[in-house]
Amino acid sequence: MMVDLNSFGKFETAWCPGCGDFGILGALKDALVKLDLEPHKMVLVSGIGQAAKLPHYLYSNVFNGLHGRAIPAATGIKMANNKLTVLVTSGDGDIYGEGGNHLIHAIRRNIDITVIVHNNQVYALTLGQASPTSDLGYVTRVQPRGVIDEPIHPLAMAIALGAGFAARSFAGDKEHLSLMIQEGVKYRGLAIIDVLQWCVTFNKKNNFAWYKKRVYKLGPEYDSSDKTKALEKSLEWGDKIPLGIIYKNGRPSFEEAYGLPKDKALVDEEIEPAKVNSILKEFI
Amino acid sequence: MNVDITIKIAGEAGQGLQTIGRLLAKAFSRGGWHVFANQVLQSRIRGGHNWFQVRVSDIKILAPAEVTDILIALDNESVYHTRELSENSITIFDSSLIKYNSEKGLILDIPFEKTAKESGGNKLISNTVALGAVLGLLEYDINILFGLLKESFQEKDQGIVQANIQAAQAGYNLAYQKIKANKLPRLNRTNGHPRMLINGSETIALGALAAGCKFISAYPMSPSTGIMTYLASQAEEFKVLVEQSEDEIASINLALGASYAGVRAMTATSGGGFALMVEGLSLAGMTETPIVIVDAQRPGPATGLPTRTAQEDLEYVIYAGHGESPRAVLAPLSIEDAFYLTVKAFNLADKYQIPVIILSDQLLADSYLTVDSFDVESLKIERHILSDEELKNIKNYKRYQITDSGISPRALPGNPYGLVVADSDEHDEEGHITEDVDYIRPEMVKKRNRKTAGLLKEMSAPIQYGPPEAKNIIIGWGSSYGALKEAVDILNSEKEKVSLAHFNQVWPLNKEYFDFLNTAEFVCVAENNFRGQFAHLIAGETGKVIKNRINKFNGLPFSAAEIVREYKRLKNSL
């Protein structure tokens, strides 16, 4: 069966008109078509938040779990059935805040999943509080004197932790984001894609124009295998924000390091109660 | 019971108590004797005062005894145990290593260290001298110990094996010659075929293997860690993926992901880790994802006594989790029972698409019991997952189809016939997020909770032990069965007609199983907790308040003797 845009259907959404999430959904569908990925062969995993509702808006297998817990659920799914393509799609609060510890250890583990972070630098579904990526000084009703905590630099953190694939894209550039998602899915290990996204309702500072003015694409001359350079690029934030695969290496995936068979998923392994008899003698 | 001997090895952490304790226990189980061995440890790696006790009998025993017949004293604090000694008890120690100033029972000063060195070894094998001495006192076949020493040390080198064998023989001879007044029974025969010796953690792990569990994610926490450790040792053979996760929140979410994808999955922890899993427990309820969770209880609150035992988490695991969704709680009454209940836990989880909690504890997890066999052949594995053939014939597959039983047809992601959508939000029959409060929400709540009706029928009746006509009844649950059963035997032998109603399937509670309360004259509930949690449950479910309670909450398990004492005290105070 050939996959086209119709394969993923059309759904009503609960997003605000003009939300950056529409751009991410469009780019994701485009990537899935180009990857020729049939809906039943993949699982979209999310946590909680407006971004985490995305899996409900296209045909796919879905595990929409708890706030912050998308990555462990996705990891469990991939471990049990490595024939499934597993993508996580959630927001900055979910992945970098509530689920921060899971992200840290998922990067170390390096299982073959693609983590798409809708990073709008604000908690939107709870009506506008600071997120781990909110800029210093960003004012909300809970942070009336402005954010005083240093923002997380997700890609620098990922690279420092040994991530094999760290990319940044922009919800307003469908073609680029689609390409990053395709590259992330093809990468044999954990791919993290930090997607800059505007929030039309709560983030008046980092709006579409703010990002549009600053983002630029890394050119072919950029060497994404140079870790030191990559760290530097991942911290570039201000007047200029680079987009692209910031860092990529060929470290072994969890599947390779663990020795999971490629041709047989765990879920297809036989259950043989009688086999227990063969180890009972060890206890005599 | 003709033979009932308890040997206690007492000393510091790091002195090898567990190693010699297990060797001793295994020496007896290989000779066909029944063994119950348990350990009482402090939460530290070196130092402190710990003990490992091995109770040996000609018949099956399931609990520790109160009296110590042979005490191997390896540190100064061992003198603490003189209160457990009888006049026939024997204490073995080395006066060059420790001070032991008690006159209770018979005292035997054996130079463990000197003998070890003379046997061609170093002081590390002093313990082997002590082992040999115990066998000498009991005139037990030392060749069985030699066999075990060979198996234990052959991978190191032949010299170590020889030194250990000589040290054991020397210890044997010293004890055998020195004690003329030894009044302990002699074990100079076998008591049947060699038996398995297994602890509770290993048994739950074996049950999981037999049930086809393919996935465990857990965070190390005493006293639950043994389950993950044993599964890791069999991971390749049985194709089990073992993942030590970053925290217990990850543990349960990993397992739920794996279960959603179709494998039988579990996690194991103790009370504190369970607290972190509660959010995930609620997720299992909402997404109707099967999972088996072991809570190996230890005394709380908070960190409590990490290496001691308790039954304090009963109400907690039954009520934990936001919102309302069904679950089952099984509390194995013995190590053997843990095997079958683990298989049952996986079957129930799959059939009802619910979390099933196995409520274990440190006593069950860390104790060793002799077991003749596990009846693996009779096990039934029931997955309740739609095949591709079945799915092919379903138009518009709905993961959360509303049904009379409350159980919806379960398919796995990856099948080409129906997408599998699971959501922690309230969802429609397809699994998609909804806020339809007029129809879908109430119908989904009812659907999920309808499963309890079926589940209730799956819960077995309590074990009734003792004279059926008895009007005096002790109620217990979980791992205290061995001590309570023995207490019932003692009381009946003293002409007090008592029976035991012991529950190993504690939630949901079937009211019908409490009909005996209508005719009973004296009832008491014995639990390893302060508040009497099972008694509360009984009151809540049946309306019958049982005021007589035996509660122990110092971190140690019940012994039969103290149950007998407490029972009499309650009865006499009426």
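Mentor: A residue is buried if 20 or more other C-beta atoms lie within 10 Å of its own, exposed if 12 or fewer, and partly exposed in between, with C-beta atoms placed from the backbone. This is a predicted model, in which local features need pLDDT of at least 70 and side-chain atom pairs count only at pLDDT 80 or more, while totals for chains, interfaces and linings use all residues. Residues are numbered from 1 along each chain as its sequence is written, and chains are lettered from A and ligands numbered from 1 in the order in which they are written.

Trainee: What makes strand 2 of chain B largely enclosed by the rest of the structure?

Mentor: Seven of the seven residues of strand 2 (residues 34–40) are buried, so the strand is largely enclosed. His34(B), Phe36(B), Asn38(B) and Val40(B) point one way, Val35(B), Ala37(B) and Gln39(B) point the other way, and all are buried. Strands here are DSSP runs of E with at least two residues, helices are runs of H or I with at least four, and both are numbered from the N terminus.

Trainee: Which strands pair with strand 2 of chain B?

Mentor: Two strands pair if DSSP finds at least two bridges between them. Strand 3 (residues 47–57) of chain B runs antiparallel to strand 2 and is joined to it by seven bridges; Gln39(B) stands opposite Phe52(B) there. These two strands form a hairpin with six residues between them. Strand 14 (residues 368–371) of chain B is also antiparallel to strand 2, over two bridges, and Tyr368(B) is the bridge partner of Ala37(B).

Trainee: Why is Asn110(A) called buried, and why is Leu127(A) called exposed?

Mentor: Asn110(A) has 23 other C-beta atoms within 10 Å and is therefore buried. Leu127(A) has 12 and is therefore exposed. Phi is positive in both non-glycine residues, near 65° for Asn110(A) and near 75° for Leu127(A). Asn110(A) lies in the loop between helix 4 (100–109) and strand 4 (114–119) of chain A, and Leu127(A) in the loop between strand 5 (122–123) and strand 6 (129–130) of chain A.

Trainee: How is the packing of helix 6 and helix 12 of chain B described?

Mentor: Two packed helices are described by the angle between their axes and the distance between the axes. Helix 6 (residues 200–211) and helix 12 of chain B pack at an angle of about 35°, with axes 8 Å apart. Axes are lines fitted to C-alpha atoms, for helices over the stretch in contact, and angles run from 0 to 180 degrees between N-to-C directions.

Trainee: Which residues make the contact of helix 6 with helix 12 of chain B, and of what class are they?

Mentor: Two residues are in contact if their C-beta atoms, placed from the backbone, lie within 7 Å. Among them are Ile204(B) and Leu206(B) of helix 6 and Phe339(B) and Val343(B) of helix 12. By class, the contact has 10 nonpolar, four polar and no charged residues. Ala, Val, Leu, Ile, Met, Phe, Trp, Tyr, Cys and Pro count as nonpolar, Asp, Glu, Lys and Arg as charged, and the others, Gly among them, as polar.
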